[in-house]
Amino acid sequence: ERREQEGKSREGEHLAREEEATKREANLLKEREVMLCEIEQMTLKLNVVRDFSDKSEEVLRDQIDESNATVTRLTAALEGLRGEMRAMEQAERIERDTGQRQRGVILAYERW
């Protein structure tokens with residue numbers, strides 16, 4: 001009877017250990033599942049950040065291209081204005097020189 005009691009006691013302890021091990025295993029599986037979900041969420045967030053970054057980079061590149069095109073147009077316009085200014089200065093010099101010559105001719109005629 002005593003052996004039977006000890007056997008039942010050992011069997012109970014064994015079953016209790018198995019049950020505890022099963023609970024630990026279940027908890028570990030739950031933790032693993034939670035970790036996998038967290039990893040999946042982080043991966044999704046990372047993909048969203050990457051997409052945003054790619055789009056931002058594309059927008060910035062487009063803005064840089066537009067800025068470069070604007071600079072090119074403004075540079076061409078400035079060169080055109082400089083050319084017009086040189087032409088106006090030259091025309092003014094010619095006009096001034098012509099006016100001085102005319103005055104010189106008039107004065108020479110008056111003296112004569």
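The model is predicted: local features need pLDDT of at least 70, side-chain atom pairs count only at pLDDT 80 or more, and totals for chains, interfaces and linings use all residues. Residues are numbered from 1 along each chain as its sequence is written, and side-chain values use heavy atoms, with hydrogens and water left out.

**Salt bridges**
- The count comes to eight salt bridges, each a side-chain nitrogen of Lys or Arg within 4 Å of a carboxyl oxygen of Asp or Glu.
- Arg2, Glu6 and Arg10 are linked in a network, with N to O distances of 3.6 Å for Arg2 and Glu6 and 3.5 Å for Arg10 and Glu6.
- Arg2 and Glu6 are four residues apart in helix H1, about one turn; helices are DSSP runs (H or I, at least four residues), numbered from the N terminus.
- Arg61 forms a salt bridge with Glu57, the closest N and O atoms being 2.6 Å apart.

**Accessibility**
- Buried means under 20% relative accessible area, exposed over 50%, and partly exposed in between (1.4 Å probe, protein chains only).
- Arg2 is exposed at 68%, and Arg10 is exposed at 54%.
- Glu6 is partly exposed at 34%.
- Arg61 is exposed at 52%, whereas Glu57 is partly exposed at 35%.

**Glu79**
- Glu79 lies in helix H1 (residues 2-111) and is partly exposed at 39%.
- The C-alpha atoms of Glu79 and Glu33 are separated by 68 Å, at 46 residues apart along the chain.

Conventions:
Helices (H or I, at least four residues) and strands (E, at least two) are DSSP runs, numbered from the N terminus.
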